[in-house]
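Open the model in a viewer and keep the selection panel at hand. The stops below go from ring pairs to charged side chains.

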Amino acid sequence: DDFESTCLNAKDLLRHTQLGETLRAGSEKQWGNISSFKKLTHILGLETQYEKFESQTTDFFQKWAYKAPAICGTQVLTGDERNNRTKLTETTLFDAFQDYLQSIHSDIVELLREFTEGRSLFYYDYREYSQISYSGIKPSGVLFYTRSPVSTIDSVHVILEAKVSPNADSANEVLGRIGEYAQTVWKAQFTRKFVPVLLIHGRYLTLYIFSRKFPHSIILGPVFYSSDQPDEVEAGRIARVLQNIWFLLLQPSDKFGHIVDVSKDKVACLLFGGTRKNATIVDYTCQQVHVYRRVAYICNIKFEGKSAVLKLSWTSVSRLSEGAVYDILRLNGVEGIPEVYSSGIICADFLGNRLEYIIMEYCGDSLYTYFEGQHIQDSWIQKERREKLAKIVQDVSACLVQANFAGILHHDISMGSITVHRDKVFVIDWGYARFLDRTISDDVRSHINNIWGIDVNSLAPVEKEQDPVTDTMCFMSIRMLAAAATRSLWDDIELLFYVVLGCLFAAFKGKFEPSEAPGFEPSSNKKSALAKAGGVSLDSYASVFGVKYAPEELLGVANKLRTILFYRDSRCIANDLLSNDEDLRDGEDRSEYYKVLLGDEKHDHILDWEESREDRAKQKVEEEKLEAKAKAKAKAKAKAEAAAANENTTAAVDPLS
């Protein structure tokens, strides 16, 4: 048992250190973004409130500063006179800090009722006892929302962690540890704007703000004296730290940490400033959440009485928003995408990220759900699945080809981004899509700029820089993994090829296990690229991707894709894709490959569709412009009539008018 515990601790240490190194490396350009507490209040829009708070509480916190605990050598001194001495450990350090804050808390709520509006916080120390329910994490302490019925990860407000004195060797481990805490909160709370973590390290207190970009750190200052005889200078510093931290802790949740006030019903987040029709959350899910980068929450909802899906996404402001991508696809008449009922921006820019929402039609089950655990054995089931899989590949390919003509690459095809509902196939999850600057028409470009407030032209170079970014590594194309400078439709089709193999793997294995197939196994980008290039070159390529027993009847769909993607003049070109920035397949006449990929009927349909695409998009843009003008005119008229009615009412009741 001791050996197993030591191994687990070593794994945790390694995981936290690696995560900390990643965060620190990515944050080097970010650390100075919030250089002071004053700048933080500015970013949060709380400057005026802080000035008022500061003017009314300085004497109060100065009084409490003289009662702060102290750290002298290897001892912690607590009590009003600092006459209680205990050995300095992480537990005693946190206990001293917690007891001190609780003493202030009992006094401050009564004093600052104007600021707290009856809100109060309470504390739990989980060290040595238990983890936060349903979370798997054990920080030193947690501040929960008191209005929450249970103290679980869903009701975490602020996380606290205590370290005696992190040195340079352990700094990354500590950052990785608190980053993992923040990551867990992000996954559980879809209304988050950022996750605050307070780190007590020795005598000092640092606030970490984990946004969707990178963590930002603000050194607040000392909260412990360095001796049992405090001087006025130290007391003044501690008073300012107390004042700053209590100002933040007393803010309502929509001002500090969330996009809405979570003390109220979470459906409030769907009101969108009162401008949208009512929607009700049924439930929500979230895929694996990284501690930073893009994150998306999927909520099953009822919208105007219909089953629908709400997607809340945090994405970089330097990328095209997913709602804008859907608009480009819609204006061009791309088929195989869901109908979008409503979309927009909730938060335009918070530390370099935007929060957007999309409400779309319900699209059914993902391809993964459709194939997982099928255990295809009977020949008639194999034939049925092959026919359905062939149709799915045709429909998805047609959607990707049309999107390419419209100027969009999906960039993240996976088993989760293809769904089937009542025999209709949808391609969803366009959040990682990138646009092809050369193919988006001027009419569509201008219209998107107007309705989304996004300068599409300025995003072109940024999109190229972010090409390697995608979310589903095991399905990434060889060129994506090799960090090639350009992307093409062939990359999207290659992702679809790996999805087909993943579906067959899941069907025969009962579950998709990437670690059990060399072609899917998580590794470095370079190793994964080599594994894929080598794997598709083999006659027995399917086994490299976990498909060991599939009959030729089913493999026919994958075989066709493999030939289209990796063979030219009977020669496999997979290894050539490892070292070329330009896709050597791009200069070819694609029409013959499209015929094989789509079939004659779909191929002819897309040719007809492409001939009229630009004219159709132009007409649609003009229709929407006229519709927007009509709505604006009606809104202005209604506003004028309401003002006139209000004026007449006032005149009728006011004898002096």
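Start with the aromatic rings: the count comes to 22 aromatic pairs, where rings of Phe, Tyr and Trp (its six-membered ring) pair if their centres lie within 6.5 Å, with planes under 30 degrees apart called stacked, over 60 edge-to-face and the rest tilted. This is a predicted model, in which local features need pLDDT of at least 70 and side-chain atom pairs count only at pLDDT 80 or more, while totals for chains, interfaces and linings use all residues. Residues are numbered from 1 along each chain as its sequence is written, and side-chain values use heavy atoms, with hydrogens and water left out.

Select Phe405 and Trp609. Their ring centres are 6.4 Å apart and their planes stand at 45°, so the pair is tilted. Phe405 sits in helix H10 (residues 379-406) and Trp609 in helix H19, so the contact ties together parts 204 residues apart in sequence; helices are DSSP runs (H or I, at least four residues) numbered from the N terminus. Trp609 is buried at 6% relative accessibility, and Phe405 is partly exposed at 24% (buried means under 20% relative accessible area, exposed over 50%, partly exposed in between; 1.4 Å probe, protein chains only).

Next, select Phe520 and Phe545. With centres 5.3 Å apart and planes at 70°, this pair is edge-to-face. Phe520 lies in the loop between H14 and helix H15 (525-536), and Phe545 in the loop between helix H16 (541-544) and helix H17 (552-566). Phe520 is buried at 2%, as is Phe545 at 0%.

Now turn to the charges. There are 21 salt bridges, each a side-chain nitrogen of Lys or Arg within 4 Å of a carboxyl oxygen of Asp or Glu.

- Asp491 and Arg479: the closest N and O atoms are 3.0 Å apart. Asp491 is in helix H14 (residues 489-509) and Arg479 in helix H13 (residues 478-481), twelve residues apart. Both residues are buried.
- Asp327 and Arg330: a salt bridge of 3.0 Å, N to O. Both lie in helix H8 (residues 322-331), three residues apart, about one turn of the helix. Asp327 is buried at 11%, whereas Arg330 is partly exposed at 33%.
- Arg613 and Glu614: the closest N and O atoms are 3.9 Å apart. Arg613 is buried at 4%, and Glu614 is partly exposed at 47%.

Finish by selecting Arg294, Lys311, Glu322 and Asp429, which are linked in a network of salt bridges.

Key
Helix = DSSP H or I, 4+ residues; strand = E, 2+ residues; numbered from the N terminus.
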